[in-house]
Amino acid sequence: MRVVIAGAGSVGRSIARELLGHGHEVTLIDRQPSAMRVSQVADADWLLADACELPTLREVKTDECDVVVAATGDDKANLVISLLAKTEFGVPRTVARVNNPKNEWMFDEAWGVDVAVSTPRIMTAMVEEAVTVGDLVRIFTFHQSRADILELTLPDDSPLAGVRVGQITWPADTVLACIVRDARPIAPSPDDTLEGRDELLFVTARDADEAELEALLTHGPATS
């Protein structure tokens, strides 16, 4: 896979190292000479230029890449880069960094963003996930489909503890994707039994009823 990363700061370099470690081809772009720390990601291609300008994106052959990552510290730049990549070069997938959560609403398909990553939002979710049991936490939202990844740690006294997955009727548009038990991920089958303190990961559609899901997990099925 060929990836162009705009923004060669600590975030961009970290992404580049991970991708290179998985065998992908990476180009890093930054307009600041101080960001040109080539020795730290020596296997990447580097370009000192402004990724918000079309000639720069043409020079790195953006039309031939699979993903563009807009990882600068400027939300305006990340939106422009995503829009140019999608509309001018037809890049299949764009990933944009959100620096200010107040700007998150702009990072959608109208600006050419397929996936928006808000570090403050993710860190908040991780804090909530670490300290809450029995509360549903939104870990991630896919901005194109608006599907969510939700997490809940099953309380010890949940009526669903000891119940087989196949016996549970989940709310509409809700899928149990993974059970994490003792730091081990389990792909749930109908015969697997839920246990207290299981970390449950769900994928839900945009119209799924989160309150219904949380009530089911903490209080059991509603009685008519």
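Figure 1. The protein carries 20 positive and 37 negative charges, and their mean positions are 6 Å apart. Lys and Arg count as positive, Asp and Glu as negative; His and the chain ends are not counted. Each charge is placed at NZ of Lys, CZ of Arg, CG of Asp or CD of Glu. The model is a predicted one: local features need pLDDT of at least 70, side-chain atom pairs count only at pLDDT 80 or more, and totals for chains, interfaces and linings use all residues. Residues are numbered from 1 along each chain as its sequence is written, and side-chain values use heavy atoms, with hydrogens and water left out.

**Figure 2. The overall fold.** Five helices and eleven strands make up the secondary structure of the protein. These are DSSP runs, numbered from the N terminus (helices: H or I, at least four residues; strands: E, at least two). Along the principal axes, the C-alpha atoms fill a box of roughly 65 × 35 × 30 Å. The protein has 224 residues, and 44% of them count as buried. Buried means under 20% relative accessible area, exposed means over 50%, and partly exposed lies in between (1.4 Å probe, protein chains only). The protein exposes about 11700 Å², with 51% supplied by carbon and sulfur atoms. Among contacts with a separation of 6 or more, 53% join residues 24 or more positions apart. A contact means heavy atoms within 4.5 Å.

**Figure 3. Surroundings of Thr 56.** Thr 56 sits in helix α2, residues 54-59. Thr 56 is buried, with a relative accessible area of 5%. Leaving out residues up to four places away in sequence, Thr 56 touches Ile 29, Leu 47, Ala 49, Asp 50 and Ala 51.

**Figure 4. An aromatic pair.** The structure holds one aromatic pair. Trp 170 and Phe 202 form this pair edge-to-face, 5.2 Å centre to centre and with 70° between the planes. The pair ties together parts that are 32 residues apart in sequence, because Trp 170 lies in the loop between β8 (148-153) and β9 (174-181), and Phe 202 in strand β11 (residues 199-204). Rings of Phe, Tyr and Trp (its six-membered ring) pair if their centres lie within 6.5 Å; planes under 30 degrees apart count as stacked, over 60 as edge-to-face and the rest as tilted. Trp 170 is buried at 17% relative accessible area. Phe 202 is buried at 0%.

**Figure 5. Salt bridge between Glu 25 and Arg 2**. The whole structure has eight salt bridges. Each is a side-chain nitrogen of Lys or Arg within 4 Å of a carboxyl oxygen of Asp or Glu. In the bridge of Glu 25 and Arg 2, the closest N and O atoms are 3.5 Å apart. Glu 25 belongs to strand β2 (residues 25-30) and Arg 2 to strand β1 (residues 2-6), 23 residues apart. Glu 25 is partly exposed at 42% relative accessibility, whereas Arg 2 is buried at 14%.

**Figure 6. Salt bridge between Asp 191 and Arg 164**. Here the closest N and O atoms are 3.5 Å apart. Asp 191 lies in the loop between β10 (184-186) and β11, and Arg 164 in the loop between β8 and β9, 27 residues apart. Asp 191 is exposed, at 58% relative accessible area. Arg 164 is partly exposed, at 33%.

Figure 7. Asp 198 bridges to Arg 181, with closest N and O atoms 2.7 Å apart. Asp 198 lies in the loop between β10 and β11 and Arg 181 in strand β9, so this pair ties together parts 17 residues apart in sequence. Both Asp 198 and Arg 181 are buried. Salt bridges link Arg 181, Glu 195 and Asp 198 in a network.

Technical notes. Accessible areas come from the Shrake-Rupley method with a 1.4 Å probe; for residues, only the protein chains shown count as cover.
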